[in-house]
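The model is shown below.

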Amino acid sequence: MSSSLLTKNALARSLKKLMLTRPLNKITIQQLTADCGVTRHTFYNHFQDIYELLGWIYKSEVIEGLDKYCCWAGWKQGFLSVLRYTVNNKTICLNTFHSLGREHLEQFLYGVIYRVMISVVEELDGQAWPGQEQIPEPVRMQARLDIADFYTLAILEQVIHWLRAGANTDPAGVVDKVSRIMDGCIARGLEHYQSAVHPVKS
């Protein structure tokens with residue numbers, strides 16, 4: 001492991017430790033570096049601010065294991081793994097949610113969910129339906145982007161509602177709810193969207 005990565009991991013541990021006892025927006029660089037045993041200069045060699053460090057924590061602890069879930073067969077397990085990470089790190093995640101870092105958390109979650117959703121949408125769009133060959137590629141591409149964005153925002157709002165309630169319910173229940181609503185809807189949405197923009201000639 002490189003010295004840079006060791007330093008980043010040490011800073012991450014210190015930030016997570018401090019977030020257990022104080023709001024994110026009350027943590028200073030001085031407090032963080034003192035707890036970690038490094039200088040301010042060392043911190044700024046790696047991160048611009050505490051929010052960038054927080055983003056690095058979420059990225060390194062959540063995103064790196066998601067690739068295998070970026071498909072229709074695995075998206076539910078991927079979604080569940082993100083929610084379980086939240087439960088296992090509840091104090092830190094809720095600290096972020098209830099502080100000035102909420103925007104960062106929401107942007108992060110949007111990116112995580114969208115990464116999975118666009119893969120699912122592209123996979124389903126690869127399953128032919130009557131007349132699909134008549135749809136121009138730009139229309140199909142825009143349909144994928146819009147539908148992935150739509151479902152990402154819908155799922156994100158479910159996660160926000162869950163966080164706002166304290167993340168106290170079983171994550172599997174949230175995943176099951178989303179799954180029941182989405183089942184079959186993405187494929188139909190792709191077909192309807194593409195046909196509405198570019199009607200298929202019979």
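The side chains of Thr96 and Tyr58 make a polar contact at 2.9 Å. A polar contact here is a pair of N or O atoms within 3.5 Å; within protein, one must be able to donate a hydrogen and the other to accept it, and residues adjacent in sequence count only if both atoms are side-chain atoms. The model is predicted: local features need pLDDT of at least 70, side-chain atom pairs count only at pLDDT 80 or more, and totals for chains, interfaces and linings use all residues. Residues are numbered from 1 along each chain as its sequence is written, and side-chain values use heavy atoms, with hydrogens and water left out.

Thr96 belongs to helix α6 (residues 90-97); helices are DSSP runs of H or I with at least four residues, numbered from the N terminus. Thr96 has a relative accessible area of 0% and is buried. The classes are buried under 20%, exposed over 50% and partly exposed in between, using a 1.4 Å probe and protein chains only. Apart from residues up to four places away in sequence, Thr96 touches Met19, Leu54, Tyr58, Gly101, Arg102 and Leu105, where contact means heavy atoms within 4.5 Å.

The largest nonpolar core has 62 residues. Such a core is a set of buried Ala, Val, Leu, Ile, Met, Phe, Trp, Tyr and Cys residues joined through side-chain atoms within 4.5 Å. Leu15, Leu53, Phe79, Leu163 and Ile186 have the most contacts inside this core. Its largest share, 11 residues, comes from helix α7 (residues 102-125). Beyond its neighbours within four places in sequence, Leu163 is in contact with Thr86, Leu94, Phe97, Leu105 and Leu109.

Helix α8 (residues 137-164) has 28 residues and spans 40 Å from its first C-alpha to its last, close to the 40 Å expected. The expected span is 1.5 Å times one less than the number of residues. Just after α8, Gly166 has a positive phi of about 100 degrees.

There are seven salt bridges, each defined as a side-chain nitrogen of Lys or Arg within 4 Å of a carboxyl oxygen of Asp or Glu.

| Pair | Closest N and O atoms |
|---|---|
| Lys16 and Glu61 | 3.0 Å |
| Asp125 and Arg140 | 3.1 Å |
| Arg144 and Glu137 | 3.2 Å |

The salt bridge of Lys16 and Glu61 links distant parts of the chain, with Lys16 in helix α1 (residues 3-19) and Glu61 in helix α4 (residues 50-62), 45 residues apart. Glu61 is partly exposed at 35% relative accessibility.

For the salt bridge of Asp125 and Arg140, Asp125 lies in helix α7 and Arg140 in helix α8, so the pair ties together parts 15 residues apart in sequence. Asp125 is buried at 1% relative accessible area, and Arg140 is buried at 15%. Arg144 is buried at 11%, whereas its partner Glu137 is partly exposed at 40%. Asp125, Glu137, Arg140 and Arg144 are linked in a network of salt bridges.

The structure holds zero disulfides, a disulfide being a pair of cysteine sulfur atoms within 2.5 Å. Cys71 is in none; its nearest cysteine sulfur, in Cys70, is 7.6 Å away. Cys71 is partly exposed, with a relative accessible area of 23%. Why is the sulfur of Cys93 too far for a bond? The closest cysteine sulfur, that of Cys70, is 19 Å from it. Cys93 is buried, with a relative accessible area of 3%.

Notes: Helix = DSSP H or I, 4+ residues; strand = E, 2+ residues; numbered from the N terminus.
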